[in-house]
Amino acid sequence: MPLATFRHNAAAQAPAPEVWEALQDAATWGSIGPIDEVFDATHEEDGTLTGFGFRTSAAGKTWDGTARRVAVEAGERVEFALTTSEIKARLSIDLTDTGDHADLAVRLEAEPAGMLATLFWGVVREAITSDFTRRVDQFAAGFAG
């Protein structure tokens with residue numbers, strides 16, 4: 001099955017340093033992309049988020065998974081590898097500081113990893129497609145300066 005890529009840019013009504021700080025709280029990730037709920041966050045000693053457990057649902061199914069940070073440029077970019085029994089994904093956020101607010105460039109790359117997702121990948125991909133832009137816009141709107 002081919003990798004599906006989803007992208008959307010949105011403006012947060014808060015400066016980039018505030019958005020970056022919020023991204024270190026796992027609860028912040030509970031409404032972006034395919035993530036519905038987060039739990040069991042891990043952090044470095046300086047408070048930088050390194051991972052969390054999450055729950056996601058698509059096409060009438062719910063899965064638990066893990067998010068592990070795989071790339072970070074402090075204050076500018078973070079990327080997590082998301083893994084469930086059925087789907088593998090990479091979720092990244094790039095921040096651009098415009099002075100009074102931050103522009104967020106969100107990218108999700110997803111592919112089936114299990115038999116069920118492979119069989120129903122078209123339905124799962126469509127469920128993500130139909131909701132991704134709205135969820136990124138809502139995510140960005142949650143940052144108020």
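1. Arg69 is in contact (heavy atoms within 4.5 Å) with Glu44, Thr48, Leu49, Thr50, Val78, Glu79 and Phe80, leaving aside its neighbours within four places in sequence. The model is a predicted one, in which local features need pLDDT of at least 70 and side-chain atom pairs count only at pLDDT 80 or more, while totals for chains, interfaces and linings use all residues. Residues are numbered from 1 along each chain as its sequence is written, and side-chain values use heavy atoms, with hydrogens and water left out.

2. Arg69 belongs to strand β4 (residues 61-73). Helices (H or I, at least four residues) and strands (E, at least two) are DSSP runs, numbered from the N terminus. With a relative accessibility of 18%, Arg69 counts as buried; buried means under 20% relative accessible area, exposed over 50%, and partly exposed in between (1.4 Å probe, protein chains only).

3. The side chain of Arg69 makes a polar contact of 2.6 Å with that of Glu44, and it also reaches the backbone oxygen of Leu49 at 3.0 Å. A polar contact is a pair of N or O atoms within 3.5 Å; within protein, one must be able to donate a hydrogen and the other to accept it, and residues adjacent in sequence count only if both atoms are side-chain atoms.

4. Glu79, listed above among the contacts of Arg69, is buried at 12% relative accessibility. Its side chain forms a salt bridge (a side-chain nitrogen of Lys or Arg within 4 Å of a carboxyl oxygen of Asp or Glu) with Arg77 at 3.0 Å, N to O. Another salt bridge joins Glu79 to Arg90 at 3.2 Å, N to O. Because Arg90 lies in strand β6 (residues 87-97) and Glu79 in strand β5 (residues 77-84), this pair ties together parts that are 11 residues apart in sequence. Arg90 is partly exposed, at 36% relative accessible area.

5. How many salt bridges are there by this rule? The count comes to 11. One of them joins Asp131 and Arg135 at 3.7 Å, N to O. Both residues lie in helix α3 (residues 121-141), 4 residues apart, about one turn of the helix. Arg135 is buried, with a relative accessible area of 12%. Asp36, Asp131, Arg134 and Arg135 are linked in a salt-bridge network.

6. In helix α1 (residues 16-23), the buried residues include Ala16, Val19, Trp20 and Leu23. Seen down the helix axis, the buried residues of α1 fall within an arc of 100 degrees, so they line one face; the arc is that of the directions from the helix axis to the C-beta atoms. Pro17 and Glu21 are exposed on the other side of α1.
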